[in-house]
Amino acid sequence: MQKSEKNYWPHFIVGLVIFAAILGVWTIKAAIDNPVELDNSYMLNYHAVNEDINEILKKQQIFDRKYEIVLLSPKISYGENEIVLLLKDKEGNVVKDGEIKILLTRPDTTRFDKKFEPKYEKNGYIANVILDKEGRWNLVVKAKVGDAEGFKTFKLSTLE
């Protein structure tokens, strides 16, 4: 009787195929459980930004040559906050008839987004917001004066 040698290569190949299939299923499950959040840096969905990015950047350049957005309340805290913004021209004059929109959002999700349209009051454009979560926040400001339209993002935190 002759000793038979066992060949393990077929077992290894089958194991590799099964392992690859398991990793594929795990990857798909992880992608479904953790959907990609859309970038909202221009307060538009990414399809609109992709189609109109040249026009957006052109308006931003016009805005940057004429105006600037200043955040007068750089500190935020958990709970009630008053966000005060100034819209100034390059000579330092306050622009009181601009259109301002504010988006307060978390850097990693859109779940806690808060939108505001502050009107000019005695000290600037004021928005009263309530933060129901501590941590980092992005304050995205969209300002429009005539044909000029500009965006500015401020990084804020309740932890500082």
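Over how many bridges do strand 2 and strand 6 pair, and in which sense? Select residues 79–89 for strand 2 and residues 125–131 for strand 6: the pairing is antiparallel, over 7 bridges. Strands count as paired if DSSP finds at least two bridges between them. Now pick leucine 85 and look across to strand 6, where tyrosine 125 stands opposite.

A note on the model. It is predicted, with local features needing pLDDT of at least 70 and side-chain atom pairs pLDDT 80 or more, while totals for chains, interfaces and linings use all residues. Residues are numbered from 1 along each chain as its sequence is written, and side-chain values use heavy atoms, without hydrogens and water.

Show the whole chain. It holds 2 helices and 8 strands, being DSSP runs numbered from the N terminus (helices H or I, at least four residues; strands E, at least two). The chain's radius of gyration is 26 Å, well over the 15 Å that the globule rule gives for 160 residues, so the chain is more spread out than a compact globule. That radius is taken over C-alpha atoms, and the rule is 2.2 Å times the number of residues to the power 0.38. Turn to the principal axes: the C-alpha atoms fill a box of roughly 105 × 40 × 20 Å.

Last, colour by burial. Of the 160 residues, 33% are buried, meaning under 20% relative accessible area (1.4 Å probe, protein chains only).

Notes:
Buried < 20%, exposed > 50% of the residue type's maximum accessible area, 1.4 Å probe, protein only.
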